[in-house]
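Have the sequence and the 3D view open while you read.

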Amino acid sequence: MIPISWYLVLSAALFSIGVGAFLIKRNIISIFMSIELMLNAVNLAFVAFAHHWHQVSGQIFVFFVMVVAAAEAAVGLAIIIAVFRSRETLNVDQINLMKL
Amino acid sequence: MHLVLFLIFAGLCLAGALNLLFQRHPINSALSLIVVMTSLAVLYLLLGAEFLALAQIIVYSGAIMVLFVFVIMLLNVGAEERTHGSRVAYLAGIPGVLALFAILASIFLSLTKNLGSAQLGGFIVSTSDLSRVLFRDLLLPFEVTSVLILVAILGAVVLARKEH
């Protein structure tokens, strides 16, 4: 017997760490990984609420979030590779021009 | 039993996430993110989401993180250096993040009584239950998602291709 709110607090903690990593990290791949961490935190909240209301739809929403995260990871990493080819750096402080 | 499993894997989740935050080298961050995702799969199992637990391991810690590790090794990424921007982010970001966590945690903890508690096996969603809803009521979003994945594959190939 564990209060549902503990799961939600864990989810909030993971989300906050994700936001912090998004702000602090300077490497574009690490920033991308912190976005994945935030998505995972929200998924945990969805599953916890699905358990509380005995609804399947919460879990289906998590399924869709996973699919969109996979698509986003594929496109995002391709963009990172393209950026690295043209700039030779992954530091976001140096990637500040739309066009070279 | 439930409490012990929850505490172990919630602790692993938090430790992995904090390690992701404090490691300088992206490959260490990626490996600690795999720890976070795998322990989240166990938490999904505790909440009765057996299909999602397996999908979490296969899709997230399998496919997505392999892609990340592959790109990190392909680009030969080194440890990141501290810049002026990261000092500003430390000063402004950490208090903001702590405030965010304090607000969210106080809201959730104040709702503890209304939300009730989770029992082991209290609500188990089998794969057949999930697929019945997915393929009957939500067939259109499912098909739209497959188009989205097709577009993502095409976009990834076009963006990562070498220009001649």
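## Where the chains meet

Search the interface of chain A and chain B for salt bridges and the rule finds zero; the rule asks for a side-chain nitrogen of Lys or Arg within 4 Å of a carboxyl oxygen of Asp or Glu. Polar contacts do turn up there: 11 residue pairs, both residues at pLDDT 80 or more. A polar contact here is a pair of N or O atoms within 3.5 Å; within protein, one must be able to donate a hydrogen and the other to accept it, and residues adjacent in sequence count only if both atoms are side-chain atoms.

Before going on, some ground rules: this is a predicted model, where local features need pLDDT of at least 70, side-chain atom pairs count only at pLDDT 80 or more, and totals for chains, interfaces and linings use all residues. Residues are numbered from 1 along each chain as its sequence is written, chains are lettered from A and ligands numbered from 1 in the order in which they are written, and side-chain values use heavy atoms, with hydrogens and water left out.

## What chain A brings to the interface

In terms of contact (heavy atoms within 4.5 Å), 69 residues of chain A meet 82 residues of chain B. The area buried between the two chains is about 7,000 Å², and carbon and sulfur atoms give 79% of that. Buried area is the accessible area (1.4 Å probe) that two parts lose on being put together, summed over both. Ile24(A), Met33(A) and His51(A) supply 10% of the area that chain A buries against chain B, more than any other three residues.

Which elements of chain A each supply at least two residues of the side that touches chain B? They are strand S1 (2-3), helix H1 (4-24), helix H2 (28-53) and helix H3 (57-87). H3(A) gives the largest share, 22 residues. Sorted by class, that side of chain A has 50 nonpolar, 14 polar and five charged residues. For the sorting, Ala, Val, Leu, Ile, Met, Phe, Trp, Tyr, Cys and Pro count as nonpolar, Asp, Glu, Lys and Arg as charged, and the others, Gly among them, as polar. Helices (H or I, at least four residues) and strands (E, at least two) are DSSP runs, numbered from the N terminus.

There's strand pairing between the chains as well: two bridges join S1(A) to strand S1 (residues 117-118) of chain B, and the strands run antiparallel. DSSP has to find at least two bridges between two strands for them to pair. Ile2(A) stands opposite Ala118(B) in S1(B).

Asn43(A) sits in helix H2 of chain A. Is it buried or exposed? Asn43(A) is buried, at a relative accessible area of 0%; buried means under 20%, exposed over 50%, and partly exposed in between (1.4 Å probe, protein chains only). Leaving out residues up to four places away in sequence, Asn43(A) touches Val62(A), Val65(A) and Met66(A), plus Tyr44(B) and Tyr60(B).

Leu44(A), also in helix H2 of chain A, is buried at 0% relative accessibility. Its contacts beyond four places in sequence include Tyr7(A), Leu10(A) and Ser11(A), and on the other chain Leu40(B), Leu43(B), Tyr44(B) and Leu47(B). Trp53(A) belongs to helix H2 of chain A too, but Trp53(A) counts as exposed at 54% relative accessibility.

## Salt bridges within the chains

How many salt bridges does a search of the whole structure find? Two, over all chains. In one, Asp93(A) pairs with Arg26(A), with the closest N and O atoms 3.0 Å apart. Asp93(A) lies in the segment after H3 of chain A and Arg26(A) in the loop between H1 and H2, so the pair ties together parts that are 67 residues apart in sequence. Asp93(A) is partly exposed at 29%, whereas Arg26(A) counts as buried at 11%.

The other joins Asp129(B) and Arg132(B), with the closest N and O atoms 3.7 Å apart. These two are separated by about one helical turn, because they are three residues apart in helix H6 (residues 127-136) of chain B. Asp129(B) is partly exposed at 30%, and Arg132(B) is partly exposed at 44%.
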